[in-house]
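Student: Could you walk me through this structure, one feature at a time? I'd like to learn how to read each one.

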Amino acid sequence: MVRFTVLASGSKGNSTVVTGGKTRILVDVGLSSRELFRRMKLANEDPSTLDAIIITHEHSDHVAGLAVTARKLGIPVYFTQATHRAWVRWISPRKQMTYAQWIEQCRQQAAARMAEADAPIPEDCDPEESSETVSELAASADDDSSDATPKKRKPAAEKDPTALPALQYFEAGKPIQIGDICVSPFTIPHDAADPVGFVFQAEGVRMAFATDLGYIPPNVKAQLKSVDLLYIESNHDLEMLRDGPYPWSVKQRVLSRVGHLSNDACATYLESEYDGQAAYVVLGHLSESNNLPELARIAAERALNGRASLLANRLLLAPQHEPLAAISF
Ligand SMILES: [Zn+2]
Ligand SMILES: [Zn+2]
C-alpha cells in the first residue's frame, strides 16, 4: 500500500506521513508530539507503526516537536549532516528548558543557597519573568514535563536535549532506502543550512515533496518529472504579501530566491514546465497572513486547466490546522 498523509502544512507546523509497503516515514515534525499524535489519530495513522523520521531542514516549523517525538517513539531520525548540526545549535540547553524545568531549576538553586548560607531566594527567579526567559520551544517541548505534577523523566533527554534514539545521515543527490521506501533527497533553494526536498518511491509509485523553496531551479524540475503525486509550495499571493503585515525585511526574505514560492511562481511552473503526470497535485505551505486558499487554488487551477491534456490532475490544498484526507494509491 502507498499512502501520503499531510498532517499539517504551513508556517505554524509541517508534518506528513509517507507509507510504502510495510514502511512508514514521518517527514518533518513541526508540531508538538501531543498535537502530532492527535492529528495522526484523526487521519487514521498509528504513531506506533512509524519506522523513521526524516527532516527537510532545521526551521522550527519543521522540527519543533522532533526530539520529543523521536524519543517517545524510539525511532531513528534522518538528517543531512549540516541540518543536524544546525538543529543541535538551535536547540541549545537554555532554549530547550520548559517553564516547569526552569521553575524547578530556580527552586533547586535557591535551596542550595539556603542550605549553604541562609541566603534569600534570588530575585532573578521571578516566575513572572518567565515568558522572556523560557524558550520558544516550551510549547512543543516534552509534554511529560509541561505541567507541575512530577512525572517520570527521560534521563537521556535531561542530560542532552539533542539526544535521539538513533541518527542517520543522508546527502542530497544520494538516494537511500528506508525499509520499503526509496528516498531521493535533492537540494532546494531556501535559507537554511542544507535544505532538501524528496522523491519517495514505493511499489512503482513516485511522490515528490517540494515546499520551502524560493524558486524552482533546474535540478528540482528534473526531480519533479514523472511523479504520481506532486506536493508543491504555493506560499503567498504577491499582492497580499506586498500590502500585508510583515516588516519589509521579512517580505524581502519571503520573496527572495531562498524564500518561498508564490502562487504565481507555482502556477507558472504548472503551466509551462510541469509534465502533467501526477494523479494528485497538492498545494502546501500556504501562508495564513499573505494568502487565501481560494487564491492559491484559482491560480493553480487556471494553470492546469490551460492544458487540455492535464484534466486528470486532481488538485488538493493541504491545510494548516487539520490533516488532509490520506491520498492512497
Ligand atoms: Zn517551512
Ligand atoms: Zn523553511
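Student: Is Glu203 buried or exposed, and why?

Tutor: A residue is called buried if 20 or more other C-beta atoms lie within 10 Å of its own, exposed if 12 or fewer, and partly exposed in between, with the C-beta atoms placed from the backbone. Glu203 has 11 C-beta neighbours inside 10 Å, so Glu203 counts as exposed. Keep in mind that this is a predicted model, where local features need pLDDT of at least 70, side-chain atom pairs count only at pLDDT 80 or more, and totals for chains, interfaces and linings use all residues. Residues are numbered from 1 along each chain as its sequence is written, while chains are lettered from A and ligands numbered from 1 in the order in which they are written.

Student: Where does Glu203 sit?

Tutor: Helices (H or I, at least four residues) and strands (E, at least two) are DSSP runs, numbered from the N terminus. Glu203 is in the loop between strand 9 (196–202) and strand 10 (205–210).

Student: What is the phi of Glu203?

Tutor: Most residues other than glycine have a negative phi, and most peptide bonds are trans. Glu203 has a phi near 50°, which is positive in a residue other than glycine. Ser226 is not a glycine either, and has a positive phi of about 55°. You'll find Ser226 in the loop between helix 9 (218–223) and strand 11. Ser226 counts as exposed because it has 11 C-beta neighbours inside 10 Å.

Student: How much confidence does the predictor have in the chain?

Tutor: Look at pLDDT, the predictor's confidence in each residue, from 0 to 100. The protein chain averages 86, and 80% of the residues score at least 70. Over residues 118–153, though, pLDDT stays under 50. Where pLDDT is low, the predicted coordinates should not be read in detail.

Student: How many helices and strands are there?

Tutor: The protein chain has 13 helices and 14 strands. Out of its 329 residues, 45% count as buried.

Student: What order do the strands take in the open sheet?

Tutor: Strands of a sheet pair through backbone hydrogen bonds, either parallel or antiparallel. Two strands pair if DSSP finds at least two bridges between them. Here seven strands make an open sheet in the order 6-5-4-3-2-1-14, with mixed pairing. Strand 6 (167–169) and strand 14 (327–328) are at the edges with a single partner strand each, so one side of each has no neighbour in the sheet. Strand 4 (residues 52–54) and strand 5 (residues 77–79) are a parallel pair with two bridges, and Ile53 faces Val77 in strand 5.

Student: Which strands pair with strand 2 in the antiparallel sense?

Tutor: Strand 1 (residues 2–8) pairs with strand 2 in the antiparallel sense over six bridges, and Val2 has Gly20 as its bridge partner. Strand 3 (residues 23–27) also runs antiparallel to strand 2, joined by five bridges. There, Val17 is opposite Leu26. Strands 2 and 3 form a hairpin with two residues between them, and Gly21 in the turn has a positive phi of about 60°.

Student: Which way do the residues of strand 2 point?

Tutor: In a regular strand the side chains alternate between the two faces of the sheet. Ser15, Val17 and Thr19 point one way, Thr16, Val18 and Gly20 point the other, and all are buried.

Student: Which residues of helix 13 are buried?

Tutor: An α-helix has 3.6 residues a turn, so residues three or four places apart point the same way. In helix 13, Ala296, Ala299, Ala300, Ala303 and Leu304 are buried. They fall within an arc of 125° seen down the axis (taking directions from the helix axis to the C-beta atoms), so they line one face of the helix. Glu294 and Arg302, on the other side, are exposed.

Student: What do the buried residues of helix 13 pack against?

Tutor: Two residues are in contact if their C-beta atoms, placed from the backbone, lie within 7 Å. The buried residues of helix 13 pack against helix 12, strand 12 and strand 13 (314–317). In helix 12 (residues 263–272), the buried residues include Cys266. Leaving aside neighbours within four places in sequence, the contacts of Cys266 include Ala299 and Ala300.
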